[in-house]
Amino acid sequence: NGQLDPPPLVDFGRRLHDALCEAGPAHCPTRLIATGESHMSLVFSIDSPDTTVSTPVLAFIRRTR
């Protein structure tokens, strides 16, 4: 989620994350709340000078190789 997302969208993301985590640690995904971003700017920030999203995504990819 982005910090600037509408509250219902953030709430849905939180509830989905929490439900997955209840299934056990193997099902609990990493969750990112990107500061200063919205659900649209999250996508558009990739390949731009704004690395708020791309840095944690790249770190995740590198950890899972």
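This short talk walks through the salt bridges of one predicted model.

First, the ground rules. Residues are numbered from 1 along each chain as its sequence is written, side-chain values use heavy atoms, and hydrogens and water are left out. Because the model is predicted, local features need pLDDT of at least 70, side-chain atom pairs count only at pLDDT 80 or more, and totals for chains, interfaces and linings use all residues.

How many salt bridges does a search of the whole structure find? Three. A salt bridge here means a side-chain nitrogen of Lys or Arg within 4 Å of a carboxyl oxygen of Asp or Glu.

Start with Asp11. Its side chain meets that of Arg14 at 2.4 Å, N to O. Both sit in helix α1, residues 7–22. Helices are DSSP runs of H or I, at least four residues, numbered from the N terminus. Asp11 and Arg14 are three residues apart, so about one helical turn separates them.

Asp11 also pairs with Arg15, at 3.0 Å, N to O. These two lie four residues apart in helix α1, about one turn.

Now Arg14 again. Its other bridge is to Asp18, at 3.4 Å, N to O. Asp18 and Arg14 are four residues apart in helix α1, again about one turn. Shared partners join Asp11, Arg14, Arg15 and Asp18 into one network.

Are these residues buried or exposed? Buried is under 20% relative accessible area, exposed is over 50%, and partly exposed is in between, with a 1.4 Å probe and protein chains only. Asp11 is partly exposed at 30%. Asp18 is partly exposed at 32%. Arg14 is partly exposed at 36%. Arg15 is partly exposed at 46%.
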